[in-house]
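Q: Before the individual features are discussed, may the sequence and the model be shown together?

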Amino acid sequence: PPYAQIVTTGCLNAVSWMFPNEAEVVEMATAAAGRRVRSPHEGAEVLLDMGVSRVVITRGSRGADLCRKAEPRITHFPAVKVERVVNTTGAGDVLAAGVVHAIATGRSDIDAMKFATQVASKSLLSHEAAPKSILSKL
């Protein structure tokens, strides 16, 4: 499996941010730990213990959880409600792009996640996976 290759190469301590969904974090952590991991938060703990600095678990309409070594260890960011969802394709990627942009411009982890959830919500309003109208404003 592809996740087993990623987590067994010993490169996780070089990962600053990781953006798996709930199923992906469990699968990666199970491969890394060599045992069954039962929940996304347990999976994030495994990856943090292996050297990843921050794990953002994307949860679709339930938002995202920032898991990190610093306190608070888990911070939930609810999804921003939109009037009418047009397309969910790429929303997680837009969330990741929003975090990267916010961190690169000097925002804290928490502020970056707040910014990113706003940006990701706007991507739900477009037929494009990553609307140029949003990305051009980053």
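A: Contact here means heavy atoms within 4.5 Å. The model is predicted.

Q: Is Thr-58 buried or exposed?

A: A residue counts as buried under 20% relative accessible area. Thr-58 has a relative accessible area of 17% and is therefore buried.

Q: How are the strands of the sheet arranged, and in what order?

A: Strands of a sheet pair through backbone hydrogen bonds, in either a parallel or an antiparallel manner. In this model, four strands form an open sheet in the order 1-2-3-4, and the pairing is mixed. Strand 1 (17-18) and strand 4 (74-77) are the edge strands, each pairing on one side only. Helix 5 (residues 109-123) packs on the sheet and touches strand 1, strand 2, strand 3 (64-68) and strand 4. The direction of helix 5 makes about 160 degrees with that of strand 3.

Q: How many bridges join strand 1 to strand 2?

A: Two bridges join these strands, which run parallel. Trp-17 has Arg-54 in strand 2 as its bridge partner.

Q: How many aromatic pairs does the structure hold?

A: There is one aromatic pair. Trp-17 and Phe-19 form it, and the pair is stacked, with 6.0 Å centre to centre and 10 degrees between the planes. Planes under 30 degrees apart count as stacked. Phe-19 is partly exposed, at a relative accessible area of 23%.

Q: Where does the charged end of Arg-107 sit?

A: The charged end of Arg-107 lies over the ring of Phe-115, 4.4 Å from the ring centre.

Technical notes:
Residues are numbered from 1 along each chain as its sequence is written. This is a predicted model: local features need pLDDT of at least 70, side-chain atom pairs count only at pLDDT 80 or more; totals for chains, interfaces and linings use all residues. Side-chain values use heavy atoms; hydrogens and water are left out. Two strands pair if DSSP finds at least two bridges between them. Axes are lines fitted to C-alpha atoms, for helices over the stretch in contact, and angles run from 0 to 180 degrees between N-to-C directions. Rings of Phe, Tyr and Trp (its six-membered ring) pair if their centres lie within 6.5 Å; planes under 30 degrees apart count as stacked, over 60 as edge-to-face and the rest as tilted. Buried means under 20% relative accessible area, exposed over 50%, partly exposed in between (1.4 Å probe, protein chains only). A charge sits over a ring if NZ of Lys or CZ of Arg is within 6 Å of the ring centre and within 35 degrees of the ring normal.
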